[in-house]
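Subject: Structure for your attention

Dear colleague,

Please find below the structure that I am handing over to you.

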Amino acid sequence: MLARALEAAGIATTSISMVREHTEKVKPPRALFVPFPFGHALGRADDPALQHRVLRAALDLLGEPEGPVLRDFPDDAEPGTQPAAPVQASAVAPAAAVPDDVPAEAARMRGYHDQWLARSGGRTAFGLTGIPATRFRGAIRFLEGFAAGEDADMPERPADVPLPGFVRWCADDLKALYFEGHLAMKPAAAGDEVARWFWGETAAGQLLRRVRDRLDGSDDPQWKAAAFGVAR
Amino acid sequence: MPRLDRLPQINRSTILNLPVQVNDTAPFTPLPRPLAACRVAIVTTAGLHRRGDRPFGPGDQTYRAIPADTPAAEIVQSHTSLGFDRVPIMRDLNVSFPMDRLRELVTRGELGGLAPSHYSFMGAQRDVARIEAETGPEAGRRLRAEGVDVALVTPT
């Protein structure tokens, strides 16, 4: 749909499609269907050769004399190590002895996250709330209070961002701190392994399950939507 | 994938139940010159933006411009749906936003050049009426004004 709007404005577009069934209906002018899991649009992280093959296949469509054209990327078996859908909290049973001190655990994770930053050249998914990692303990206390049913809020929440939206940002930043910290410890870990560790073995994972429960217990659709984004 | 037949039933249903436009034809702008002379932009629905830009919110049909010289460390993603694996883009922005790969193609002479700005929208939206009628065409006009010939449209 976006490609159609750009094309109508006079831009030649070529799109990467993750859901063939939708692309067949919407009919962007040119689309390459790739058989990769969501989150892997160009194939695989840190694999420039595969990314270039995907790009080349997408750019080749620009030579087609008319459209719409929908072509399949031929390498169906490529990043075959990841499950078709991401591992969700509901699929992971918490370990028998999960720690319960989130602030202490997060402080340790921050050490690993510093290693991540040193290696990634400062690239991080952390930062949606604008609260720096050095002061993130406050956001954790906020999430704990919220999960416990308190009338919790933070002065950092912009006036025009609803409470459940800010809860979601805090949860996303907490996940980023842990996921990237874990990747600093285990650079080869794939997404399913990191998700199983987070939801199964960390105090933060259990906190976010409780945050989800409070959001999901509301009748307000905004709260329920935020719950769906915090843990499933 | 996701070849839908490989997805668990619940994921498959969620995706197939998303409202989707049905069209018979598509607008078509022919490539105005060989690719090796074209200026290319990325337009992504990965919900990316510069650190410090307003994150995308639920149902957000606006867009963010990302100047082409923005360092990768200054780009964050506020599309954080649990429907996709975020580990790949944490490791490598190019998996949805292939700035480095496009630069390499320019260096090799396979593309004419990069646009001054890339553009980013929020994906997985149920209501896209405003993107279709207003913000999508506006981004298209900005791309045209910036001398862009080709947009590579990428999801997350």
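Predicted model: local features only at pLDDT ≥ 70, side-chain atom pairs only at ≥ 80, totals over all residues.

The interface

The size of an interface is often given as the accessible area lost when the parts come together. For chain A and chain B the buried area is about 7,100 Å², and carbon and sulfur atoms account for 62% of it. In terms of residues, 89 from chain A are in contact with 81 from chain B.

As regards polar interactions, 32 residue pairs, with both members at pLDDT 80 or more, are in polar contact across the interface of chain A and chain B. On the side of chain A that touches chain B, the elements that give two or more residues are α1 (2-8), β1 (12-17), α2 (20-26), β2 (30-33), α3 (48-60), α6 (163-185), α7 (191-201) and α9 (221-230) of chain A. Of these, α6(A) provides the largest share, with eight residues. By residue class, this side of chain A consists of 50 nonpolar, 19 polar and 20 charged residues.

Two salt bridges were found across the interface of chain A and chain B. In one of them, the side chain of R56(A) meets that of E110(B), with an N to O distance of 2.5 Å.

The two chains are also linked through their strands: β1(A) and β7(B), the latter covering residues 150-154, run parallel and are joined by four bridges. Within this pairing, T14(A) has L152(B) as its bridge partner.

Two threonines of chain B

T154(B) belongs to strand β7 of chain B. This residue counts as buried because its relative accessibility is 1%, below the 20% cut-off. Apart from neighbours within four places in sequence, T154(B) is in contact with residues of both chains: I16(A) and L42(A) in chain A, and I42(B), V43(B), T44(B), T45(B), A46(B), S96(B) and P98(B) in chain B.

T135(B) is located in helix α4 of chain B, which spans residues 129-145. With a relative accessibility of 3%, T135(B) is likewise classed as buried. Not counting residues up to four places away in sequence, T135(B) touches Q61(B), T62(B), Y63(B), F121(B) and R130(B). For Q61(B), the backbone oxygen lies 2.8 Å from a polar atom of the T135(B) side chain.

Yours sincerely

Key: Residues numbered from 1 in each chain as written. Chains lettered and ligands numbered in written order. Heavy atoms only, no water. Contact = heavy atoms within 4.5 Å. Buried area = accessible area lost by both parts, 1.4 Å probe. Salt bridge = Lys/Arg side-chain N within 4 Å of Asp/Glu carboxyl O. Polar contact = N/O pair within 3.5 Å; in protein donor to acceptor, adjacent residues only side chain to side chain. Nonpolar A, V, L, I, M, F, W, Y, C, P; charged D, E, K, R; others polar. Pairing = 2+ DSSP bridges. Buried < 20%, exposed > 50% of the residue type's maximum accessible area, 1.4 Å probe, protein only.
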